[in-house]
Amino acid sequence: MSEQYQTTLMADGEGVIRMVSASAADLLGTTARDLEGLHLHALLETPPPDVVLAVLRSLEDQEGAGGGGAVRMAARLRLPDGRLAEFDLHLSRVPHAGAHE
């Protein structure tokens, strides 16, 4: 039976990781503090960095145009023991992220 993880990484519009759940840090064999500040592409085998950045930018453009889209894609990351793990990567904008009141 394979293990199921509900992990969360929050990244900014440039793909820099800003928040990491405890389960994500456990899965990756490190601490949240060590992951924060890294780019998503440092963790991913696929999709390539330019694809992730293009999706993040398109989500930002959609928000500016009044949209609130989200994208789901297949992704792969390398675990600390060298195994590749396949997972669903969900990218979306946090409503009003960066808005100043």
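Reply: Let us begin with strands. Two strands are said to pair if DSSP finds at least two bridges between them. In this predicted model, Thr-46 stands opposite Arg-76 in E4.

Me: How many bridges join E3 to E4, and in which direction do these strands run?

Reply: E3 and E4 are joined by two bridges and run antiparallel.

Me: In what order do the strands of the open sheet lie?

Reply: The order is E3-E4-E5, three strands with antiparallel pairing. E3 and E5 are the edge strands, as each of them pairs on one side only. On average, neighbouring strands of this sheet are turned by 50 degrees against each other, with direction ignored.

Me: Which residues does a cis peptide bond join?

Reply: The cis peptide bond is between Thr-46 and Pro-47, with omega at about 0 degrees. Pro-47 is placed in the loop between strand E3 (44–46) and H3.

Me: Let us turn to charged side chains. How many salt bridges does the structure hold?

Reply: In general, side chains of opposite charge can pair when their charged atoms come close. The structure holds six salt bridges. One of them is formed by Arg-72 and Asp-88, whose closest N and O atoms are 2.5 Å apart. This pair links distant parts of the chain, since Arg-72 belongs to strand E4 (residues 70–78) and Asp-88 to strand E5 (residues 84–92), 16 residues apart.

Me: Which residue forms a salt bridge with Glu-14?

Reply: Arg-57 does so, and the closest N and O atoms of the pair are 3.2 Å apart. Arg-57 lies in helix H3 (residues 49–64), while Glu-14 lies in the loop between strand E1 (9–11) and strand E2 (17–20), so the pair ties together parts that are 43 residues apart in sequence. Arg-57 counts as partly exposed because its relative accessibility is 41%. Glu-14 is partly exposed as well, with a relative accessible area of 41%.

Me: What is the distance between the closest N and O atoms of Arg-18 and Asp-12?

Reply: In the salt bridge of Arg-18 with Asp-12, these atoms are 2.9 Å apart. Asp-12 has 23% relative accessibility and so counts as partly exposed.

Technical notes. Residues are numbered from 1 along each chain as its sequence is written. This is a predicted model: local features need pLDDT of at least 70, side-chain atom pairs count only at pLDDT 80 or more; totals for chains, interfaces and linings use all residues. Side-chain values use heavy atoms; hydrogens and water are left out. A salt bridge is a side-chain nitrogen of Lys or Arg within 4 Å of a carboxyl oxygen of Asp or Glu. Buried means under 20% relative accessible area, exposed over 50%, partly exposed in between (1.4 Å probe, protein chains only). Helices (H or I, at least four residues) and strands (E, at least two) are DSSP runs, numbered from the N terminus. Axes are lines fitted to C-alpha atoms, for helices over the stretch in contact, and angles run from 0 to 180 degrees between N-to-C directions.
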